[in-house]
Structures are given as C-alpha cells and as structure tokens.
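The sequence and the structure are shown first, and the main points follow by topic.

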Amino acid sequence: MSHQPRVRFAPSPTGYLHIGGARTALFNWLYARHAGGKFVLRIEDTDKERSTDENTAAILESLRWLGLDWDEGPEVGGPHAPYFQSQRGALYRERIEQLLAEGKAYRCYCTTAELDAKKAQARAEKRQYQYDRTCRDRADQPELPHTVRLKVPLKGTTGFDDLVYGRIEVANESLQDWIIARTDGSPIYNFVVVIDDIEMGIDVVMRGEDGLNNTQPQLTLYQALGVAPPRFAHLPFILGQDRSKLSKRHGPVSVTQYRDDGILPEAMLNFLARIGWSHGDQELFTREELIEKFSVEGVGKTAGVFPADKLIWINHERIKAMEPSLLAEKVLPFIEKAGLPMVPRETLEEICRLQQERSKTLVELVEISRYFFVRVPPEEKAATKFLQGPSLDYLREVREIIASTADAAPSVLEPLFIAMAEKHGIGLGKIAQPVRVALTGGTASPGIYDVIALLGKAESLARIDAVLAAS
RNA sequence: GGCCCGUUCGUCUAGCGGUUAGGACGUCGGCCUCUCACGCCGAAAGCAUGGGUUCGAUUCCCGUACGGGUCACCA
C-alpha cells in the first residue's frame, strides 16, 4: 500500500444519510486522516429511478455537519468534478468493449423470459439456479439485443484477506458469469464500482458487511482486467433494538434528525465510532483522538444493536465539557426554533453555564430554560404545594431580602437566606422552593441564588410580586 | 435452500491458552444537597451449546442451535 492511502465513501443518493452510512463514511474518513491519505467522495447515482439531487444535497449536508470533509468529490475543484457515476458512462463503455475484445466477457442473448423460465425450473426441481452459460461459446451477433457477461473462472477458488474478517474464500463453482452491462448498454453496479475504484486509485475499500458477498464477483473482474485489487475491510452492521437491520421503525435513523434533536456532531462521531470499534476501555473520544487512535485492528466482527442510551450519555458528557460561550453558539438556533425571545449574549452564556450539567441535548437545554427567556406561570401542582400558607409569608420575607441587596449577587444572597432559615428554625428548602416556584414556575432549576442573580433584582422582585398579588 | 459471516452482563464492548472474566451505558441502593442535576461510593448482571486439542479453554478445531447477510438486466 502506498504511504498515502486513498479511501472512499460511495453513497447512492436514493435517500438521506442514515446512521449506518454515516458510520461507514466516518471509518473511511478516519482511515484517511489517520494515515494522512485522501478521502474521496463518490456519488453512485447509476440508478436513475431512485437517485435525486435533493438526496445528494442532503447527504453532503449531513457529512458537512459531521465535519467529515472530503478531499475529492462533489464541489471540490468545481461543481462538475467527475465524481458522479452518471457522468462517467464513456469510461465504463470503454472498459466493457475492452473486455469483450479480449475475450474476457461475452454477449449474452438470453432473454429475461428465458432466464426466468430456467430459474423457475431450477426451483421446481429443488436445484440451485445458476446461469448455464449458453452464450459463453455461442457465435457472436452484436446486432441482436444482448447483455454482457463476464467470464469467471470455472475451477479453483477466489479469496481475499479481509482486514476485519480475515481470509474469506469461496469456490469458483458457486460464482456465475455475472452480467456487467444491461441490454441498454448501461453498466451494473458491481462493474461500475470496480472500474471507479481502479480509476480513482482506491487502496482500501471499507463498506458494510453486506458487501462481503459482492467481493468475490468483483474480484473476478479485477482478475479479468489484470489489475491488483484493493484491500477490503467490511464493517459489521448496526442493528435495531430487535436485532433486525436498523430501519425507520427503530426510531430516528437519519443524521439530520439527530442534529435537529440537539445532538452535537462531536457526540455523534464519538458514538458512531464506538459501534463496532473500540480502543481498550476508552469511551469518550474527541475528534482528534479518534483520528489519532483509529485503526482497523480495533474494528470488531459482530453486528451490534444501536445503543441509543449511550448516544444521549455521550452528548451529555460533551455538553458538560463545553465552554459556555461555545455552547451558547450551538444553542442559538434552538432558541429561535422554540420561538423564544433573544437575550443578551452574556445572559445566554450564563444560562448555558448553569444548565449544561442538566441538559442531555441542546433541545433539552432550551426546554428547561424557558423561564429565563419569558415569564412562566406557576405549575398548578407546584403552586398548591409551595405557594400557600406559611410559604407565602416566607416569600414576602425573601422579597424584602432581595430588595435590600444592591444587585442580588449569589454571595450576598446566600448568608441572608441561611440567616433567615435559622431565625425561623426551618430548613433552607422551606424558603428556596416557594421562591423557585415563583421565579421559574416549577420545582426544578439551578441553584436558587444563581437563578435570582441571573434573572436580576428587578425581574425577580416583579415575578414574586406577581405571585403574591395573585394569591 | 446453496454460499458467506457472526455468537462475552439487558446494551456497547475489553480479552488475543492460565484473569476473582475488565470497562461503559442503563437499572437498583447509598452519600452529597435549597429543588433538579452534577459528583462520589456500592450492588445485581455475561463467555449460546455439544464434542475434541491441551497439563489447562471465554480464547484453538469440528458439529449443533440461534441470528444476520447474499444469491437481480437494484445499489
């Protein structure tokens, strides 16, 4: 392998980027970045029916959000960079002609109907169907409609050393003369992939474990072309809760959905990396650490269930560790989406500082901070418990305490609250809870002194007055 | 069905012949405490199964079971 290995991520734009695809992209990207190689992005849009520009755009958007930048591919070196398979038809036709001319492939005149009949017959006789190669030695009549099939070796075995699964070998008898070009002349996926990987100088192909069985036929093509194949690394699947292949019914699977749910890209990367890959006992990795420590050696063979809980945990860890100023930056769009009024930057950073240890997602951070943006009426349950009887008297007293301070600073408030509690011979909770409900509308919030200070003396007094007036 | 791959706590995983089978998430219990969190301490919980190989198997080999993948003029 060269010193600067080239790897690629080759999604087909038949849908958005989902968790599985994102992980494949990540592993390829990590491989490239770790080795100082190139990460190539190729759009496999040969399926004209299902491929759309919107999907391509969505995939690029997701990759950008994750920060998986590519060195070659769409929009690198101009909008028409030749990394869309739909733009590479001439190249494929050329190779098909070459194979035909060299006798490595042949035209097949069998019709779909004939083939179907043979398959049906095989099934009826409980036999394994395999194309019988009728056209392999038939006289060539290029003017008739035909597909093109590759001549695969009849005997021996075809094998390779998978970087993850080890040696995988299969008897050539189980391989067929597979079709490389359709009747309309367009090439088949397995063919196109190989040609592109050759053309783009790909050294390592990393893909999902469903590619395992595609590898042998692809290998026969490398052989026919006389080109040394790349190395392969197949990645175990990510499964849903019920151990079936991950799909929409298992919950959100699109990368953008997680972004909208308030997951940080760094957390997503960390999470994705830890499904099927490990580095000793380490759980938390920064982007840089992933690059530094990634190795295919660490990739496991077993498909695993998508551990949604762990994603939330990692995200929480990330939020806790983040600089409030940076967190504020990230939280901005979520405030807007929640329809809350903007507050001064300084205030927002303070909100983030107070709430980061209480927020598992950016969405949650905003949700539990509503009362810092707007006045929230006391919840009924909280009011019945903390806003009647002696609680109201305490609240009145606290009001005066706050009013007596210059700026309601936490360091000033605390001794005054404690003194008050001692005076009445009660716990601090008897005092703090009514205030909390009056100020935040609920019973859970950051420390009461911090809440008062952040709200400010004037606003705190106003909220308490409003509650006192209402009762 | 043929072929291919896999199987360690509920989950993600470490382990690469000899370990009290480790960590993490989650769960439960406790401490801290003005609430909620955070933090700290602790607990329960695992090598699918049967044969080999070996002085010794979670680890190596074979079978069985279970799970997944793949068998297109889809990608």
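Chain A holds 20 helices and 11 strands. The model is predicted. Chain A has a radius of gyration of 32 Å, whereas a compact globule of 471 residues would have one near 23 Å.

**Dimensions of chain A**

- The C-alpha trace of chain A spans about 105 × 50 × 40 Å along its principal axes.

**Surface near RNA strand B**

- There are 58 residues around RNA strand B, and those that come nearest are Ser 12, Tyr 189, Gly 304, Leu 428 and Gly 447.
- Several helices give two or more residues to this surface, including H4 (112-124), H5 (189-199), H6 (212-225), H10 (308-321), H18 (428-440) and H19 (448-455).
- Strands S6 (166-171) and S11 (304-305) likewise give two or more residues to the surface near RNA strand B.
- Helix H18 gives the most to this surface, with four residues.
- Sorted by class, the surface near RNA strand B comprises 24 polar, 20 nonpolar and 14 charged residues.

**Helices H8 and H10**

- Two packed helices are described by the distance between their axes and by the angle between the axes.
- The axes of helix H8 (residues 265-273) and helix H10 come within 9 Å and cross at roughly 135°.
- At that angle, H8 is oblique to H10.
- The crossing in which H8 passes H10 is right-handed.
- On the H8 side, the contact involves Glu 266, Ala 267, Asn 270 and Phe 271; on the H10 side, it involves Lys 310, Leu 311, Ile 314, Asn 315 and Arg 318.
- Four nonpolar, two polar and three charged residues make up the contact of H8 with H10.

**Helices H11 and H12**

- The axes of helix H11 (residues 324-337) and helix H12 (residues 345-355) come within 8 Å and cross at roughly 105°.
- From H11, the residues in the contact are Pro 324, Ser 325, Leu 327, Ala 328 and Val 331; they meet Arg 345, Leu 348, Glu 349, Cys 352 and Arg 353 in H12.
- The contact of H11 with H12 has six nonpolar residues, one polar residue and three charged residues.

Conventions:
Residues numbered from 1 in each chain as written. Chains lettered and ligands numbered in written order. Predicted model: local features only at pLDDT ≥ 70, side-chain atom pairs only at ≥ 80, totals over all residues. Near = placed C-beta within 6 Å. Nonpolar A, V, L, I, M, F, W, Y, C, P; charged D, E, K, R; others polar. Axes fitted to C-alpha atoms, helices over the stretch in contact; angles between N-to-C directions. Parallel < 35°, antiparallel > 145°, perpendicular 65-115°, else oblique. Left-handed = near helix turned anticlockwise from the far one by under 90°. Contact = placed C-beta atoms within 7 Å. Rg over C-alpha atoms; globule rule 2.2 N^0.38 Å.
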